[in-house]
Amino acid sequence: MDKKIFIEPLFRNNPITVLVLGVCSALAVTVKLEPAIVMALSVTIVTGFSSFIVSLIRNTIPNRIRIIVQLVVVAMLVILVDQILKAFAYDVSKQLSVFVGLIITNCIIMGRIEAFALGNKPIPSLVDGLANGLGYGIILIAIAFIRELFGSGTIYGFPVIPAEWYIKNGGFYENNGLFILPPMALIITGIIIWIQRSYTKELIEK
Amino acid sequence: MQELISLFVKSIFVDNMVFAYFLGMCSYLAVSKNVKTAIGLGAAVVFVLGVTLPVNYLLNTYVLTPAALAWLGPDFAGIDLSFLSFIIFIAVIASIVQLVEMVVEKYSPSLYASLGIFLPLIAVNCAILGGSLFMQERGYETLAEATTFALGSGFGWFLAIVALAAIREKLSYSNVPAPLRGLGITFIVVGLMGIAFMSFMGIKL
């Protein structure tokens, strides 16, 4: 099997920064690292297995109703993920609120099913789905890392800025509240795209 | 009535679908290159939200919430179908979009020509499913409230995409650094618009 299927989606064909798929949830859940990691894992699992299942039944789906069939497969997997999160990670599932449900309409999943799984064998589809989920996860975790570090002074909930640095303890440092606000997620994504494109020149738009 | 107006304004500006929750971002970024198509897609979103959300509200109240089936008889009072809500909401949205597309095609060819190509896109627009999920999570109490919320957030989305399209039309004349061109600068512009929209926060009517 071609290892390109796995490597390409991580950087060169990253779903968020290059294909612009699945941006909605990427921005909304990145205030802290923990929900971002949970979200990245959930999306990876759903993308991988929905590609796998659709690829298994790809020859029996009538073309006209394929969108509804795909939505049902994806919705079933998302319900499983949602119930598992509610059972074992209730706090995170509360933080993610509607965004777990919105995995159903995450364009990465439908995009990979339409573009790859419908025309390929199950195992490469599974790998392609997982790799795209991971490519999404990398960006998600990068944004969440920056936002949590500058916005709350913590990484994965652990304080990294020494307490005596803060102004209220007589120091000179203050957390930047702007990083917690929604618009900052967009600006950070814009900057990540900028950095990526200045290294990968062929991605530059005319 | 006053609460409804306040909810309407709040869902347009304060809880704007795009700037506060990033919903419907994919099509928002992809279809905002010129104002005309942006108006088409925006109108289609208002329309589909306004139709699907009340239907999902009724389904949620009379079928999905715990003990919602009590109207069928006392035996059904113990049934909790809330775990099915994702699949039911998305099925309703997908089928209504299909239905609306067929009706519009038959009775109003001119509307179909302007909205038609966007309708299938909308079935997987997260603003639509997001609207239904917010309705469920925030527990709107009456059908009127749910409909107002639907129209308000649809209109907010419309406003946001038309504004971005207008900015991008002007942006094509400016000298942006090469790696930032296209997608990168669009993200940053949306971020700045988001900051501008934050000035509506805390407004109470």
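**A helix between two chains**

Helices here are DSSP runs of H or I with at least four residues, numbered from the N terminus. This is a predicted model, in which local features need pLDDT of at least 70, side-chain atom pairs count only at pLDDT 80 or more, and totals for chains, interfaces and linings use all residues. Residues are numbered from 1 along each chain as its sequence is written, chains are lettered from A in the order in which they are written, and side-chain values use heavy atoms, leaving out hydrogens and water.

With 18 residues, α9(A) reaches 27 Å from its first C-alpha to its last, close to the 26 Å expected at 1.5 Å times one less than its number of residues.

In the interface as a whole, 42 residues of chain A are in contact with 38 residues of chain B. The two chains bury about 3500 Å² between them, 85% of it on carbon and sulfur atoms; this is the accessible area (1.4 Å probe) lost on being put together, summed over both. Cys24(A), Thr105(A) and Leu186(A) supply 16% of the area that chain A buries against chain B, more than any other three residues.

Key. Contact = heavy atoms within 4.5 Å.
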